Amino acid sequence: MSKTIMLSRVICFAIILTALAYFNVKAGQYEEIREKNSETINRTKVQSVGNYKDGTYQGTGIGYGGPVTAELQVEKGHIKEMKIISAEKEDAAYYNMAIAVAERIVASDSPQVEAISGATFTSNGIKKMPCPKRRVRMKQWKNRHRIIRAIIQIGFFLLYSGAWAAAFGGVRYILGQIHLVEPIEFNGLVKTLAVLVLMTIIMGRFFCGYACAFGTLGDGVYGLSCWIQKNVLKRKKPFSFSKKTIIISQKIKYVLLAGILIFCFLGKYDLISSLDPWGTFSTITTGQFAFGTMKLGVVIFLFVLLGMALMERFFCQVLCPMGAIFAILPYLPMSVLRRNREACISGCALCEVKCPVKLALDPENNQLGECIQCGKCVDLCPKKHITFGIKKLKPTGMAAISLQTLLLAAGLIWAIYS
């Protein structure tokens, strides 16, 4: 590889490290400002602690008979009390029935409760009055993590887009040498495979979530598809498959892996190489694409793109042979995401609903290898109690992300240039 290409990769990697350092400093500054400063809302000192900003909120809604004014108090991020201050023109019968909605709001810690049957107008008026301000910390950190992850993904896409293909090439090479009864050399393909396998065992599927070129492509295609569905097609929610369909489809990649391994072991991989969508993608990213010899591969690759548009991480979940290998590897306990089930909010399954692979983070779940460590569950958990095996190490914290990025990048640099 030329010195110019190597230098450009080093420069790009330095940019990634600079971005990580910048966000790390920003994160520290944000925490200092959050601890030292406060703001006043409706004459009450405000401090972000829970789901809402502490304070006293007043508002007026329209009930059945006229305006109704209420006051709502938030302490430690939760709604503590709600009381009606004025309802002079409200019908007494409807008012006495609807007052129970205030108790529901306090009990559920949310204005989003059902109206009282028989007093719907007054109930809705009370519900819409004081509007406590949501905490911004979770959203700010969620966006910051999303930006950091995007920067790392783009960086690895530009610098090491062939890492996946090289690792899979290592699998094919090893089986091919076994078929030929030839010695296995520790070449660049085998080194790349060794690095990714070792890193996956140590820190989970960080490569899949942050560094795989196919995964990055899938995230981009799915994001574009969601934007089109929302802004062009005017769909309220993007198209989605059922949880059962997704979980069943995840088994396809194991069958595909078994078939590929058999062809490689028998020395017949050339018979199916033209159907190879990852080979097509690799030739595109390396500038070696030739349509005439890869027509079937192009058709299958277009099918994969369609799947990526309709299912988040479609290739990773359904068709990726390396994903199948990574999923069955043993992981060190410190790299497995865990949650304190007892501390979860009753009926909350937000982590599982938003998870691309529909994974339930329970110790008895034998599908934990499907986790691609995208960090969505960590960002969205209202209790913030999803951690690694080492509880003090936050999965989406700057320390964990920086350490894993450095280790993976160092390993790939060694595999490519040694």
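## The largest cavity

In this predicted model, the lining of the largest cavity consists of eleven nonpolar residues, two polar residues and one charged residue. The volume of that cavity is about 100 Å³. Its lining has 14 residues, and C355, P356, C371, C374 and C377 are the closest to the centre.

The model holds five cavities of 30 Å³ or more.

## The largest pocket

The largest pocket has a volume of about 1400 Å³. Its lining is made up of 40 residues, with Y222, C226, E312, K354 and K376 nearest the centre. Sorted by class, 17 of the lining residues are nonpolar, eight are polar and 15 are charged.

Four helices each supply at least two residues of this lining: α5 (137-159), α9 (213-231), α16 (350-354) and α17 (376-380). Among the contributors to the pocket lining, α5 gives the most, with ten residues.

## Aromatic pairs

The count of aromatic pairs is ten. One of them joins F207 and F326: the ring centres are 6.3 Å apart and the planes meet at 75 degrees, so this pair is edge-to-face. Because F207 belongs to helix α8 (residues 206-211) and F326 to helix α15 (residues 321-328), the contact ties together parts that are 119 residues apart in sequence. F207 has a relative accessible area of 4%, under the 20% limit, so F207 is buried. F326 is also buried, because its relative accessibility is 1%.

F303 and F314 form an aromatic pair that is edge-to-face, with 6.0 Å from centre to centre and 80 degrees between the planes. F303 lies in helix α13 (residues 295-310) and F314 in helix α14 (residues 314-319), eleven residues apart.

## Charges over rings

Two contacts of another kind involve a charged side chain and an aromatic ring. R149 places its charged end over the ring of Y210, at 5.7 Å from the ring centre. K191 lies over the face of W414, and the distance to the ring centre is 5.3 Å.

Helix α13, which carries F303, has 16 residues. From the first C-alpha to the last, α13 reaches 23 Å, close to the 22 Å expected at 1.5 Å a residue. Its buried residues are G297, V298, F301, V304, G307, M308 and A309.

Helix α18 covers residues 398-417, which makes 20 residues. The distance from its first C-alpha to its last is 28 Å, close to the expected 28 Å at 1.5 Å a residue. Buried in α18 are M398, A400, I401, S402, Q404, T405, L408, A409, G411, L412 and A415.

Technical notes. Residues numbered from 1 in each chain as written. Predicted model: local features only at pLDDT ≥ 70, side-chain atom pairs only at ≥ 80, totals over all residues. Heavy atoms only, no water. 1 Å grid on protein atoms, 1.4 Å probe; cavity = no way out; pocket = protein on both sides within 12 Å on 5 of 7 lines; lining within 4 Å. Points joined across faces, edges and corners; volume = space filled by probe spheres on them. Nonpolar A, V, L, I, M, F, W, Y, C, P; charged D, E, K, R; others polar. Expected span 1.5 Å × (residues − 1). Buried < 20%, exposed > 50% of the residue type's maximum accessible area, 1.4 Å probe, protein only. Phe/Tyr/Trp six-rings, centres within 6.5 Å; stacked < 30°, edge-to-face > 60°. Lys NZ or Arg CZ within 6 Å of the ring centre and 35° of its normal.
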